[in-house]
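Begin with the helices in the view below.

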Amino acid sequence: MKNVVVSLLGTNLDRRGGEDPFARWRPTIGLVSQPVFKVDRLHLLYEKRFAELAAAVSEDVSKVSPKTKVVLEEVRCRSPWNFQDVYTMLYDFCGRMNFDPDKESYFAHISTGTHVAQICLFLLTESRHIPGKLVQTSPDGKKNPAGKIDVIDLDLARYDMIARRFETERRDDLDFLKAGIPTRNRDFNALIETIERVAVRSEEPILLTGPTGAGKSQLARRIYELKKADGRVAGAFVDVNCATLRGDGAMSALFGHVKGAYTGAARDRAGLLKEADGGVLFLDEVGELGLDEQAMLLRAIEEKAFFPLGADREERSAFQLICGTNRDLARAVAEGRFREDLLARIDLWTFRLPALRERREDIEPNLDFELEQFCRKSGRRVTFNKEARKAFLNYALSPKTLWRANFRELNAAMTRMSTLAPDGRIDLRTVGEEIRRLKLADGNAARGDGAPETESAALKKLLAPAELAEIDAFDLPQLEHVVKVCRESRNLSEAGRALFNRSRLRKKTANDADRLAKYLARFSLSWEKIRVSAASSEN
């Protein structure tokens, strides 16, 4: 592999000095004089007014390194201290280079030029416009005119200490998104890792789905705080519950209005989208928005502009958007209650937060978190009796405990027990009373019309008793989970991606829908049969 270096002419340091032009360190001459680093081709960039100096440096290079081919590249730059001018000049140069990384190794020399030029070379190498590494030359203080050289690979994985610091910061970010709770559920932890990467790298809309009480609002606020700490937003976090917005009030609340826009509009109102300028707008229960509001929201997302109610001049707001919903928006589109184009725009990054009963191993650390939060808010020290803690966890972890309201229900239970705890000690009696209260509430909810169908009940609707009796106890929990995922997915492919999320990565071509269809067929099931059953349960 040939070594090819891109370098800027050093208009001061590269000049000859004294009788011996090689007696002192000169960055470009030092570059080609290294015994451990050969330069096969040097692209030396210079401005027209320094053509004579460039020719002299090229001549000196040929003397100290005859095998180095010097390619003089005349460039134009109005100001070497103007970032836009320098970056444009170097970017255009990269566009003219026929880089061939399979045959040549490339290096960007960052010891010459202005600080602006050095930064631009770094950025172009980091973005792979120069597909190689950085090289830096410097005097070594030992009267060695060749000086010394450092090759810098921007693959930070090669630098153990830096990599460890980045990993530590990343773990801190993950802990922050989880509110410091040492969660144990593997799928949830993997979900949070993905959300962390998206939060610090993307400004596109994020859609958080999942049942009520799963923690969408808290996660949205923490995503904002992470973005703000990372310098990606500077404005406010504006939290909107779309279920509370109706009629002209919805338009006015979101987009603002001008005085006299409707009866009662006594003065101008900026609106929540304007308040979120430069920050994050969280639209909780976004599926509750009316179609007119959805149309205006779509334009505001795409163009960062909208018209306040009654206005003839548009307002601008550069907000980042997070949406939350517990509804099936794809179904809402099919029923004409949600715009398909809006869903396509906010569905780029979609994350489903699991229900509490789907991550029971996280109940214990969340129990400790809720207790700590209560103590902090109330200023009282409350602890668990050992037997009482065990009794409550036995109930909380039981498959029969559905936790219909998810983390809100757990929070309410901890608040009640902590408040009623005699002398700040939650005992068996307090836990027993709370468990009876939870069981009573659970039983009332189960008798209600809106009670969610359990997985076993879903299978009983799909399969005849004789068919269920033929299924091994080993296969039954897996089939229940597969049916559950199918009921919550928009199509067979999406369900397949969720179920085969690990093994699909090891396949050259992943046909998840076909794999899932074949699995369902083993039990005389199909996607259509499951969806029809799910629809009948909801009606």
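In helix H13, Ile 363, Glu 364, Leu 367 and Asp 368 meet Arg 389, Phe 392, Leu 393, Ala 396 and Leu 397 of H14, where contact means heavy atoms within 4.5 Å. These contact residues comprise 6 nonpolar, no polar and 3 charged (Ala, Val, Leu, Ile, Met, Phe, Trp, Tyr, Cys and Pro count as nonpolar, Asp, Glu, Lys and Arg as charged, and the others, Gly among them, as polar).

The model is predicted: local features need pLDDT of at least 70 and side-chain atom pairs pLDDT 80 or more, while totals for chains, interfaces and linings use all residues. Residues are numbered from 1 along each chain as its sequence is written, and side-chain values use heavy atoms, without hydrogens and water.

The axes of H13 (residues 363-378) and H14 (residues 386-397) come within 11 Å and cross at roughly 125°. Axes are lines fitted to C-alpha atoms, for helices over the stretch in contact, and angles run from 0 to 180 degrees between N-to-C directions. Helices (H or I, at least four residues) and strands (E, at least two) are DSSP runs, numbered from the N terminus.

The sheet is open, with 6 strands in the order S3-S2-S1-S4-S5-S6 and mixed pairing; two strands pair if DSSP finds at least two bridges between them. Strands S3 (69-75) and S6 (148-152) stand at the edges with a single partner strand each, so one side of each has no neighbour in the sheet. From one strand to the next, the twist averages 25°.

S4 (residues 104-109) and S5 (residues 133-138) pair in the parallel sense over 3 bridges. Phe 107 stands opposite Lys 133 in S5.
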